Amino acid sequence: QVQLVESGGGLVQPGGSLRLSCAASGSILSINYMGWYRQAPGKQRELVADYFTGGRINYADSVKGRFSISSDNAKNMVFLQMNSLKPEDTAVYYCNANVYSGKSAIDYWGKGTLVTVSS
């Protein structure tokens, strides 16, 4: 079994910054993919940023130039640096990972961390 735990959410004023962290633990042989998604009230969950082990990185158009995804592969962690935050970035942010534990690769989700951008 694999657990993903997010941290770093909170209340921030417009224009401010936050750094989210996600730590994967458990039965992990390799991680093929890690990503950040978000879900605002009344809206569907959407991709924010992700990266594949081979190096490909994707960003949602709405966050390009403001958010940056990075990882610490040795620690099975992924980070999301969020700058120039806007009220429309308010959402619960979820970490997602595709993990190979020896039999097959499985998608896992964290429980989420709330980001509120408000003055």
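Two strands are said to pair if DSSP finds at least two bridges between them. Helices (H or I, at least four residues) and strands (E, at least two) are themselves DSSP runs, numbered from the N terminus. The structure described here is a predicted model, in which local features need pLDDT of at least 70 and side-chain atom pairs count only at pLDDT 80 or more, while totals for chains, interfaces and linings use all residues. Residues are numbered from 1 along each chain as its sequence is written, and side-chain values use heavy atoms, with hydrogens and water left out.

**The four-stranded sheet**

Strand β7 is joined to strand β8 (residues 77-82) by six bridges, and the two run antiparallel. Within this pairing, Ser70 stands opposite Phe79 of β8. Both strands belong to an open sheet of four strands, arranged in the order β1-β3-β8-β7 with antiparallel pairing. Because β1 (2-7) and β7 (67-72) stand at the edges with a single partner strand each, one side of each has no neighbour in the sheet. From one strand to the next, the twist averages 15°; such angles run from 0 to 180 degrees between the N-to-C directions of axes, which are lines fitted to C-alpha atoms.

Strand β9 is mostly covered, as eight of its ten residues are buried. Here buried means under 20% relative accessible area, exposed means over 50%, and partly exposed lies in between (1.4 Å probe, protein chains only).

| Partner of β9 | Bridges | Example of facing residues |
|---|---|---|
| β4 | nine bridges | Ile31 and Val99 |
| β10 | five bridges | Asn96 and Trp109 |
| β11 (residues 113-117) | three bridges | Tyr93 and Thr113 |

The hairpin of β9 and β10 has four residues between the strands, and Gly102 in this hairpin takes a positive phi near 125°.

**The disulfide**

A disulfide is a covalent bond between the sulfur atoms of two cysteines. A search of the whole structure finds one disulfide, which joins Cys22 to Cys95 with an S to S distance of 2.1 Å. Cys22 lies in strand β3 (residues 18-26) and Cys95 in strand β9 (residues 91-100), so the link ties together parts that are 73 residues apart in sequence. The angle about the S-S bond is -80°, and the link is left-handed. Cys22 is buried, at a relative accessible area of 0%, and Cys95 is buried with a value of 0%.

**Aromatic rings and charges**

The structure holds two aromatic pairs. Rings of Phe, Tyr and Trp (its six-membered ring) pair if their centres lie within 6.5 Å; planes under 30 degrees apart count as stacked, over 60 as edge-to-face and the rest as tilted. One of the pairs is formed by Tyr37 and Trp109, whose ring centres are 5.0 Å apart and whose planes meet at 65°, so this pair is edge-to-face. Tyr37 is in strand β4 (residues 30-39) and Trp109 in strand β10 (residues 105-109); the pair therefore ties together parts that are 72 residues apart in sequence. Tyr37 counts as buried at 18% relative accessibility, whereas Trp109 is partly exposed at 39%.

Trp109 also has the charged end of Arg45 over its ring, 4.6 Å from the centre. A charge sits over a ring if NZ of Lys or CZ of Arg is within 6 Å of the ring centre and within 35 degrees of the ring normal. Arg19 lies over the face of Phe79, at 4.1 Å from the ring centre.

Notes:
A disulfide is a pair of cysteine sulfur atoms within 2.5 Å.
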